[in-house]
Amino acid sequence: MEFSVNQIAGIIGGTVEGDGERTVDNLGKIEEGKAKTISFLSNDKYENYIYKSDAAAIIVKNNFSPKTPIKPALIKVEDPYSAFTRLLEEYNKIMSYAKSGVETPAFMGQGSSVGENIYRGAFSYIGDNVKIGNNVKIYPQAHIGDNVMIGDNTIIYQGVKIYADTKIGMNCNIQAGAVIGSDGFGFAPQADGTYKTIPQLGNVILEDNVSIGANTTIDCATLGSTIIRKGAKIDNLVQIAHNVEVGENTVVASQAGISGSAKLGKNCVIAGQVGIVGHIEIADRTTVSAKAGVSKSVKQSGTILSGMVGFDHKQFLKASTLFKRLPELHQQVQQLEKIVLNLPSEKKN
C-alpha cells in the first residue's frame with residue numbers, strides 16, 4: 001500500500017518541504033535510508049544519516065534546516081518522535097484491520113453475536129452468549145469463553161485465552177498467549193497442613209484503550225472484579241493477581257508481579273521485575289524502578305521508589321554511595337579497633 005508524502009503530512013499534521021508527490025510504501029530507520037520509506041529525526045546525533053539517505057521522506061522538527069542538499073522530502077512537525085508514533089499507529093491499524101471474514105474451521109456458540117467487519121481466524125472459539133462489537137479481529141486459536149463482552153476495534157491475537165464473564169472495552173489490544181481471567185492464587189491453609197482451594201467467582205474488566213502484552217496473565221477476582229483502567233499499558237510476561245486495580249494510563253513493564261488486591265493509581269510507571277505485595281495502595285504518578293520491591297502503601301503522589309526493598313529514591317541514592325565504600329569503611333573501622341585496643345587503660349577510659 002502506497003501513500004504520497006502529502007497524504008502522510010495530512011495524517012500527522014505536518015508541512016512538506018520538497019516533493020510532496022513522492023510515494024511511500026514502508027517505514028524505516030533513518031540510518032538505513034531505503035528508497036520509498038519514511039523515517040524521522042528527533043536526535044541531533046543521527047543528523048548525518050539524512051545527507052546520505054535515499055528515503056522518500058523524513059519527519060523533522062519545524063526549525064530543522066539541512067546543511068547541504070538532500071534527497072528526501074521533509075515533513076516538518078513540532079515533535080518528530082510523537083508524529084512518527086502516530087504514523088506507526090495508523091500503519092498498524094491499516095495492517096491489522098485489513099483482515100475480515102470468517103476462516104474455517106471457526107466456532108461460535110449459542111446466543112452469541114458479532115458486529116460488522118469482523119475477522120475470525122481459523123480454529124478460533126467463541127462461547128455462548130458472547131457479545132462482540134464492530135471491527136473486532138480475533139486471530140487463529142484464540143479462545144473466548146461464555147458471556148464475554150468485547151468492544152469495538154479490539155484486536156485479540158493468536159492463542160489468547162479469555163475466560164468466561166470477562167469484559168473488554170473498545171480499542172484494546174491483547175497480544176499472543178495472554179490469559180485473561182484465570183483463577184487467582186486463592187488457597188486457605190488447613191489444620192493438617194494442606195490447602196483448600198478458594199473458588200474464584202469474580203471476573204476481569206479491561207476498560208477502553210488497554211494494551212496487554214504477550215504471555216501476560218491477569219487473574220479473575222475472588223469476588224467482584226480485577227480492573228485494568230482505561231489507557232493502561234501492560235507489557236509482556238506480567239502477572240496481575242486477583243482483585244488488583246491498575247489505574248488509568250499506568251504502565252507496567254515486563255516480569256513485574258502485582259499481588260492480590262493491590263491498588264495502583266493513575267499514571268504510575270512500574271519498571272521491569274518489580275514486585276508489589278498485596279492489599280496496598282500506590283498513589284498516582286508513582287514510579288517504581290526496576291527490581292524494586294514495594295512492601296507498603298505509597299501515599300504521596302509522584303513518589304519515586306528504588307532498591308530491592310523500595311524506599312525513598314533520594315535516600316536510596318545516598319545509601320548507594322555508602323554501599324560502594326563499605327570495604328573501605330570496614331577497613332578503617334578495623335584499624336581504629338587496633339588503635340583503641342593498643343591504647344593504655346587510662347586513655348581508653
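**View 1. The centres of domain 1 and domain 2, taken over C-alpha atoms, are separated by 35 Å.** In this predicted model, the domain assignment of the protein places residues 3–98 in domain 1 and residues 101–305 in domain 2.

**View 2. The largest nonpolar core of the model holds 49 residues.** The members of this core that touch the most other members are Ile 162, Ile 174, Ile 212, Ile 228, Ile 240, Ile 270 and Ile 276. When residues up to four places away in sequence are left out of the count, Ile 276 is in contact with Gly 257, Ile 258, Ser 259, Ala 262, Leu 264, Ile 270 and Val 294.

**View 3. His 242 sits in a loop between two strands, β29 (239–240) and β30 (245–246).** According to an unreviewed UniProt entry, the annotation "active site" covers His 242. The relative accessibility of His 242 is 16%, and His 242 therefore counts as buried, since the term applies to residues under 20%.

**View 4. The surroundings of His 242 include Gly 184, Phe 185 and Gln 200, each of which His 242 touches.** Apart from residues up to four places away in sequence, which are not counted, His 242 also touches Asp 219, Cys 220, Ala 221, Thr 222, Thr 226, Gly 260 and Ser 261. With one of these residues, Thr 222, the contact is also a polar one, in which the side chain of His 242 and the side chain of Thr 222 are 3.5 Å apart.

How values were computed
Residues numbered from 1 in each chain as written. Predicted model: local features only at pLDDT ≥ 70, side-chain atom pairs only at ≥ 80, totals over all residues. Heavy atoms only, no water. Core = buried A, V, L, I, M, F, W, Y, C linked by side-chain atoms within 4.5 Å. Buried < 20%, exposed > 50% of the residue type's maximum accessible area, 1.4 Å probe, protein only. Contact = heavy atoms within 4.5 Å. UniProt positions renumbered as here; feature names shortened; annotations may be inferred. Helix = DSSP H or I, 4+ residues; strand = E, 2+ residues; numbered from the N terminus. Polar contact = N/O pair within 3.5 Å; in protein donor to acceptor, adjacent residues only side chain to side chain. Domains from an automatic or database assignment.
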